[in-house]
Amino acid sequence: MSNLMITLAYLAEKEPYIQLLSQLLNEGKQHLLQIATQLKADGLLNDAMTIVNHILENHPHDIDALVLSAQIFIDKQEVSAALEQIIFAKDHQLDFPVFITNQIILATVETQQKFLAEGKIQQATRIVELVSKIHTSADFSHNLFSLNSLQYSIDSENVTRFREEQDAKSELEYRIALFKNPFDATRNSAIRLNNIYESLNCIFMGNITRENIDIAREMLKTAREYPVTNPIEKDSPDQHIACFERYYRILFEIIDMDKIFAPPPALKPSPIIHFRTSNGAPVSLQAIQEYISKNQTEVVFFSQASEMYSKKFGHTYLKSLKKSSDCNFIAILCVISEPHLFDDIIEHINFQDERVFFYNDTTISPSDIFEAYYPNKIETTPWPTYYSSVGLFRMDYLLENFNLPVFLSGIDTILRNGVREIVERFQGYDFILNRINHFSSIASQYINSLVLAYPTYPSLIFGNFMKHYLGDVSLRRVQPFSHDQALLVFAVSHVQHNFPNAKIGFFEPHDINNAMFTNNNISHHIDYFNKFHFINIFHAGVMDDYLDPESYIHQNEITASEQEPEQD
């Protein structure tokens, strides 16, 4: 049968053509290969490839068909596909002719140089990767390393550009490219972990897709298995990243993608809480519920603190609620201390008010020592994250038993201007968080200084997740700094994954101050202090060493006379 008859049959109707090829193949593939070779010589490359593909579909290991297929790919300038045919033959121990292999590899050089001239680094790198699987010479390996390094540099520039533009989606695309680039594995381990950390930041900034969740799992697995390598020199511009390495490793240990994106865990029973009145007398949960009903209580304020902070700020915190709350309220203060100190702490706080209740949490002792890993240092501390997180563990208990909006805060968060406007503004939401910057890192996107939760099912799930997850992590002897705030990010993702219609809000700028460490001088905040609903003393920048805590609850303006003394 002539080449012309084959071609005319193909052009007339494809199905009879395929049937004709099958008939000829049954009679012997050698005649088909001769026809395909002639079609290739005549420049009818697609027709020739159709015949070869038909042979390979039925005889995938036919070396003559593989060789002809690779030669056709070269004529079509599809060099990567040609190289893949040689690799297939090599992987299946087929004898691909050496002289044809070398001809094909030589033909790739011009294409690679063309890609480089056009700035198509990825395509050029792909060619070298394929050639390296065929020839393992040092020249090819060096060429591949150089190309990967060049591509890494280009992708790094794009990462920087999109980060400056706050385009997390595009930034993530190039960070994933960095992670997958073989050159990444040759870099200092701290730099590689930094890219993984920043990639996770991008994913949790609203780029949560099934594909990105899978890449996050792959990154975390790599991070946990990756050894400490190539220490950064002291004077290197990347030295600051090296300080973060241990912090990254500890943080990555607590990130569990399976928990975050799993169905809600079964509601975990809350422990029985033994309440006391403000004068220290035992009081039942039922009695508190009856008080709420009788007095038409509108909100619950909850705070927690160690023995030292309870004594230092307890009276001030409660006084600010009494003075400034414009809603009927109850206040619950959790004192984290050894049992025999509890009565003394209540007496020291000395705040008699029927709306105030205490309870004692004895989970940890001041004698317990924890290691907190900061981005730039390691501290041995008796103050683990547990002290700032009890309210998050108890959120579901408070919502279930009191059925009211609940404000959770640290004991150094002072109320100044009432909460009714806030409660009414967010009516219809599930819970409200203190977000300082949507484009911040995982550990600082939310500040665990104030949370408002309404009695809804998504809020219960939020609280239950924190109890299951953060409750375990917060008692680890080795902890990353601010992991309670990272867990807020994961809890939000958990709720949104299971309840896409959940309404999660964010406090507005004058609901609470967030100017942490910006200026150790209270005059920096004078213009704003009298507008805030809440003031967090720690975030005011002056801590608690310069001012009497009660100066924060006065309604008159803070003046320069209340600034800290000048330092020598």
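A residue is called buried when its relative accessible area is under 20%, exposed when it is over 50%, and partly exposed in between, using a 1.4 Å probe and protein chains only. By this rule strand S8 (residues 406–410) is mostly covered, with 5 of its 5 residues buried. Helices (H or I, at least four residues) and strands (E, at least two) are DSSP runs, numbered from the N terminus. The model is predicted: local features need pLDDT of at least 70, side-chain atom pairs count only at pLDDT 80 or more, and totals for chains, interfaces and linings use all residues. Residues are numbered from 1 along each chain as its sequence is written, and side-chain values use heavy atoms, with hydrogens and water left out.

The protein chain has 22 helices and 14 strands. Of its 568 residues, 51% are buried. Contact means heavy atoms within 4.5 Å. Among contacts in the protein chain with a separation of 6 or more, 73% are between residues 24 or more positions apart. The structure holds 0 disulfides, a disulfide being a pair of cysteine sulfur atoms within 2.5 Å. Cys327 is buried, at a relative accessible area of 6%. Cys334 is also buried, at 0%.

Strands are taken to pair if DSSP finds at least two bridges between them. Strand S3 (299–306) and S8 run parallel and are joined by 5 bridges. S8 and strand S11 (residues 450–453) run antiparallel, with 4 bridges between them. Ser409 of S8 takes part in both pairings: Ser303 stands opposite Ser409, and Ser409 stands opposite Leu450 in S11. Leu408 has Val451 as its bridge partner in S11. S11 also pairs with strand S10 (residues 431–433), again antiparallel, through 2 bridges. There, Phe431 is the residue whose bridge partner in S11 is Ala453.

In a regular strand the side chains alternate between the two faces of the sheet. In S8, Val406, Leu408 and Gly410 lie on one side, with Phe407 and Ser409 on the other. Both faces are covered, and these residues are all buried.

Asn448 sits in the loop between S10 and S11. Asn448 counts as buried because its relative accessible area is 15%. Asn448 and Asn434 are 14 residues apart along the chain, and their C-alpha atoms are separated by 7.0 Å. Neighbours within four places in sequence aside, Asn448 is in contact with Ser388, Ser389, Leu392, Asp484, Gln485 and Leu488.

Two packed helices are described by the angle between their axes and the distance between the axes. Axes are lines fitted to C-alpha atoms, for helices over the stretch in contact, and angles run from 0 to 180 degrees between N-to-C directions. Helix H15 (residues 285–294) and helix H18 (residues 386–402) pack at about 60 degrees, and their axes are 10 Å apart. Angles under 35 degrees count as roughly parallel, over 145 as roughly antiparallel, 65 to 115 as roughly perpendicular and the rest as oblique. H15 and H18 are therefore oblique to each other. From H15, Leu285, Ile288, Gln289 and Ile292 meet Tyr397, Asn401 and Phe402 in H18. The residues of this contact divide into 5 nonpolar, 2 polar and no charged. Here Ala, Val, Leu, Ile, Met, Phe, Trp, Tyr, Cys and Pro count as nonpolar, Asp, Glu, Lys and Arg as charged, and the others, Gly among them, as polar.

Two loop residues have a positive phi. Gln296 lies in the loop between H15 and S3. Its phi is near 50 degrees, a positive value in a residue other than glycine. Gln296 is exposed, with a relative accessible area of 61%. Gln166 is found in the loop between helix H9 (138–164) and helix H10 (168–180). The phi of Gln166 is near 55 degrees, also positive in a residue other than glycine. At a relative accessible area of 42%, Gln166 is partly exposed.

Ser189 belongs to helix H11 (residues 189–203). Ser189 counts as buried because its relative accessibility is 0%. Leaving aside neighbours within four places in sequence, Ser189 is in contact with Tyr226, Pro227, Val228, Thr229, Glu245 and Arg249.
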